[in-house]
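Dear colleague,

I am handing over a structure that you have not seen before, and my notes on it follow below. Please read them alongside the model.

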Amino acid sequence: MKPSYGLSEADVERMVEESFTFARPTWRPACIEVRNEADTVITHVERALGQGAKLVGAEERTAIETALEALRRARGGSVGI
């Protein structure tokens, strides 16, 4: 690569390496947002089950509780936050 904007190839290479060294992880805010959303869903589903337990059958309630437990496990995982 031959830069035409006044930087040497070594300068460009150094800048690229520094960008990797000093880059902030952009996935971290997204992970926090997803965890917050999971907390909200868990709270709302628990509340809905508590208030409307008589409105769903046993099979449907079991499916909801299974999905809720899977969400709790997924939310409890760690991705280095």
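Helices (H or I, at least four residues) are DSSP runs, numbered from the N terminus. The model is a predicted one, in which local features need pLDDT of at least 70 and side-chain atom pairs count only at pLDDT 80 or more, while totals for chains, interfaces and linings use all residues. Residues are numbered from 1 along each chain as its sequence is written, and side-chain values use heavy atoms, with hydrogens and water left out.

The protein chain has a mean pLDDT (the predictor's confidence in each residue, from 0 to 100) of 83, and 86% of its residues reach 70 or more. Confidence is lowest in helix α1 (residues 9-22), with a mean of 81, and highest in helix α3 (residues 58-76), at 92.

Helix α2 (residues 27-52) packs against α3 at an angle of about 155°, their axes lying 10 Å apart; axes here are lines fitted to C-alpha atoms, for helices over the stretch in contact, and angles run from 0 to 180 degrees between N-to-C directions. The two helices, α2 and α3, are therefore roughly antiparallel to each other, a label given to angles over 145 degrees.

Six salt bridges are counted, each being a side-chain nitrogen of Lys or Arg within 4 Å of a carboxyl oxygen of Asp or Glu.

Best regards

Note on methods. Angles under 35 degrees count as roughly parallel, over 145 as roughly antiparallel, 65 to 115 as roughly perpendicular and the rest as oblique.
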